[in-house]
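Hi,

Here is the structure I promised to pass on.

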Amino acid sequence: MRLNKFLSTAGIASRRKSDELIKEGKVSVNGSVVTEMGVEVNPKKDKVVYNGEQVVLPSAFVYYKFNKPKGYVCTASDEKGRKTIYDIIDVPERLFSIGRLDYDTEGLLILTNDGEFANKIAHPSFHIEKEYRATIEGEVLESEMAVMRKGVVVDGERMPAAKVKWLSYEKGFTKLSIVIDEGQNRQIRRMFEAIGKTIKLLKRVRIGQVTLGGLKRGELKELKPIEISLLLEGM
């Protein structure tokens with residue numbers, strides 16, 4: 001197995017990023033730093049080290065969907081001391097999330113220990129849709145939704161267009177469905193900030209054709225084979 005694929009499968013980085021780590025001399029094989037491309041390793045015999053820790057492939061791959069509660073971050077540790085999703089996930093495997101949700105956003109995350117799978121799903125060229133439900137303070141006008149559908153301008157740069165659908169207005173709050181397929185950092189929150197609106201609640205309910213369904217907050221559930229196939233469809 002090529003070293004970059006080994007690192008990618010172990011969840012260290014994508015193959016392209018792994019090549020950069022190798023060029024920078026951050027990876028060693030059997031005690032020797034490797035900087036050239038195309039090096040082959042035997043996962044069962046060779047000792048690969050990155051950042052001072054040995055890298056090993058999972059003995060078996062697992063795939064979960066998880067309903068992230070509000071008030072948790074998606075990293076394994078947080079410099080601000082905030083709670084992380086791994087404080088409430090109790091499985092023997094070392095999991096990582098495919099993409100993230102910010103501290104104040106709840107909803108669907110896909111977790112795995114399969115780095116190659118994660119890199120495919122996360123790659124922006126595949127434009128996998130993510131659907132959110134947003135509760136907004138006040139009334140959102142059709143003209144404001146039209147702006148988001150075209151792509152709002154933030155700091156002089158037009159953000160990707162979003163599919164925005166009005167769901168309801170009740171007791172001073174508007175509920176909307178928002179679908180995006182690029183997922184820039186805090187994209188939806190920045191969109192609403194740009195039109196002067198405040199998000200009361202933001203929840204991701206779908207990634208591709210995988211839905212949150214009846215998953216409770218903080219609950220973890222294995223993906224069905226059909227759900228995994230649907231995520232990889234067209235790749």
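**What I found**

Strands E13 and E14 pair antiparallel over two bridges (two strands pair if DSSP finds at least two bridges between them; strands, E, of at least two residues and helices, H or I, of at least four are DSSP runs, numbered from the N terminus). Before going on: this is a predicted model, where local features need pLDDT of at least 70, side-chain atom pairs count only at pLDDT 80 or more, and totals for chains, interfaces and linings use all residues. Residues are numbered from 1 along each chain as its sequence is written, and side-chain values use heavy atoms, with hydrogens and water left out.

Back to that pair. Arg206 has Thr211 in E14 as its bridge partner. The two strands make a hairpin with two residues between them, and Gly208 in the turn has a positive phi of about 60°.

E8 runs antiparallel to E13, joined by seven bridges, with Ile136 partnered by Ile199 in E13.

Now the inside. The largest nonpolar core has 31 residues, and Ile85, Met148, Leu176, Ile178, Ile188 and Phe192 touch the most other members. By nonpolar core I mean a set of buried Ala, Val, Leu, Ile, Met, Phe, Trp, Tyr and Cys residues joined through side-chain atoms within 4.5 Å; buried is under 20% relative accessible area, exposed over 50% and partly exposed in between (1.4 Å probe, protein chains only). Elements giving two or more residues to this core include E7, E8, E13, helix H4 (142-150) and helix H5 (187-194). A second, separate core of 16 residues includes Phe96, Leu108, Ile128 and Leu215.

Which residues of helix H6 (225-232) are buried? They are Glu227, Ile228 and Leu231. Seen down the axis of H6, these fall within an arc of 100°, so they line one face of the helix (the arc is that of the directions from the helix axis to the C-beta atoms). Pro225 and Ile226, on the other side of H6, are exposed. Among the elements covering the buried residues are E5, E7, E13 and helix H3 (115-122), with contact meaning heavy atoms within 4.5 Å.

Last, there is an open sheet of four strands in the order E2-E1-E3-E4, with antiparallel pairing. Strand E2 (32-33) and strand E4 (53-55) are its edges, each pairing on one side only. Two bridges join E1 (27-29) to E2, and Ser28 stands opposite Val33 in E2.

Cheers
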